[in-house]
Amino acid sequence: MNQERTKPKHKGFASFLLPNRPPNKVGVLVNRTQSAKEPNLKNLTHSEANSPTHISKRPLSFSMRNGTLKKSNDFLEPPLTALKRENSLSESYLLDEDQCNSYVEKPLEKYGSHESVLKEAVSSLHKIPTAKARARNFLHGRIGANSLLGPPELDRLCSNREITIFVGTWNMNGHSAPKELNDFVLPIGMKHVPDILSFGTQESCSERLEWEISLQETIGPSHILFHSTSLGTLHLCIFIRRDLIWYVSIPEDASLSVRPGSAFRTKGAVATSFMVFGTSFLFVTAHLTAHQEKVKERVSDVKRIVNSLDLPRVLPCKNKSKDVTQNFDYVFWSGDLNFRLATPRSKVLEWLSNTSFPLPPHLPHGYMHHDQLCTVLADGAAFRGFSEAKITFPPTYKYDPGTQNFDSSSKQRTPAYTDRILYKQKNSRRLSGAFEHPPLQCLIYDSVQSITTSDHKPVWGVFRVHLRPGLDTIPLAAGMFNREVYLEGLKRRAETLSKSKEASAVCSIQ
């Protein structure tokens, strides 16, 4: 009998690859001593039944023991020695050289389970312990360890808890925007693209969708159009980084016309509010009453706007005030505010002809002590609690369209700083007397002299703000954004790039 058992048998090619191996099963790795395999032992020989081989109840796959990999024709050849059945994710031979060496250096039993393979070779996501998942948080709205808007998530996304915000304002004078918007949207003085970009326009062009697509095309795929709103010729749109899309609340907007009886609503304000994590923001763009002498009317416009905009409506707010600017952590108010310089035109022009810009920060800033808005801010007649960065650029109004010359019409308007950006922070103090959050910082405040399509120059500023964790009860936007604008903007970027490559190819041939 022993001789018969040791008698060599005819072996096919498969028997050389898998000597003395029973058919594979689908499932998990089990030992032969487990009861799950007992029904199959009756078909095995004595030596096979007592072998320490593990049978994988998974689809057939291989791994190597004490072998080496050889690369040939871009494929890795497995050795023909000592093959062992393993998890299907460990069998890939289409790996790079470093991956292969790491697999060979370690005992391959480590890769026997599905989870270990994912951990070592496939997934970069951190593992969530089941014990922590079972420790449920039944306190509704609490900032828990696993909160989507909680401290760990905020620190993971933004370790310093700070983001930058771009605020731009421009009275377009009813004209279409120029094809090139880089000087306004991505100015040279701005080192990095801010995380949130706000664009407020007055006397906007009629093609609002075209304007939004042009902004998207200029900014690029890193940001999306989160929300836009308009009233008459006023328009406001907010772009945010795609990284922030899951941490932003639903947007809310409101508007007010200070000339309700007029056919064209050119004067008033539009506003948009939302939260990023637990920090609330309000963006306002306004167009106030014109003319040099109507300071009181402009102050009245501001008071009506502040007390009429009903925000927030759904977003959480403690002790909601009638003054809308008191209900948010950060407020940015921009627009054609129409405040003028209380100085004769001849003196202003003389000063401009003898001055080079930007103004040095240590010198007196021209005729700003005659500026009507500076007087209003100092007196507290309007915009209480608001600040403005130091102005170092030339007046933004009024120019002859298409030129860099100030108004040469019969009206001979005095150059003025009508286009402004104001900001406000609600920052409570702790018991120690220190502020709860770092102060809001204006990093840059400038105008765009290169754009000449309007009688106004665009004005922009970049600010640094501090974020705090949020509650799970905050209504999230759930990734909402304007997909139509995003796709069309990227399409035009691709077309522009293609034309640029074709032009460079023609130049090189010539």
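Over the ring of which residue does the charged end of lysine 457 sit? In this predicted model, local features need pLDDT of at least 70 and side-chain atom pairs count only at pLDDT 80 or more, whereas totals for chains, interfaces and linings use all residues. Residues are numbered from 1 along each chain as its sequence is written, and side-chain values use heavy atoms, with hydrogens and water left out.

The charged end of lysine 457 is placed over the ring of tyrosine 399, 4.7 Å from its centre; a charge sits over a ring if NZ of Lys or CZ of Arg is within 6 Å of the ring centre and within 35 degrees of the ring normal. The charged end of arginine 298 likewise sits over the ring of phenylalanine 339, at 5.2 Å from the ring centre.

Arginine 298 is also one of the residues in contact (heavy atoms within 4.5 Å) with asparagine 338, including Lys267, His287 and Thr418. Asparagine 338 is found in the loop between strand S14 (330-336) and helix H11 (345-353), where strands (E, at least two residues) and helices (H or I, at least four) are DSSP runs numbered from the N terminus. Asparagine 338 has 3% relative accessibility and therefore counts as buried (under 20% relative accessible area, with exposed over 50% and partly exposed in between; 1.4 Å probe, protein chains only).

Phe281 and Tyr330 belong to one aromatic cluster, together with residues including Phe226 and Phe463. Phenylalanine 281 is buried, at 0% relative accessible area, and tyrosine 330 is buried at 2%.

How values were computed
Rings of Phe, Tyr and Trp (its six-membered ring) pair if their centres lie within 6.5 Å; planes under 30 degrees apart count as stacked, over 60 as edge-to-face and the rest as tilted. Lists of a residue's contacts leave out its neighbours within four places in sequence.
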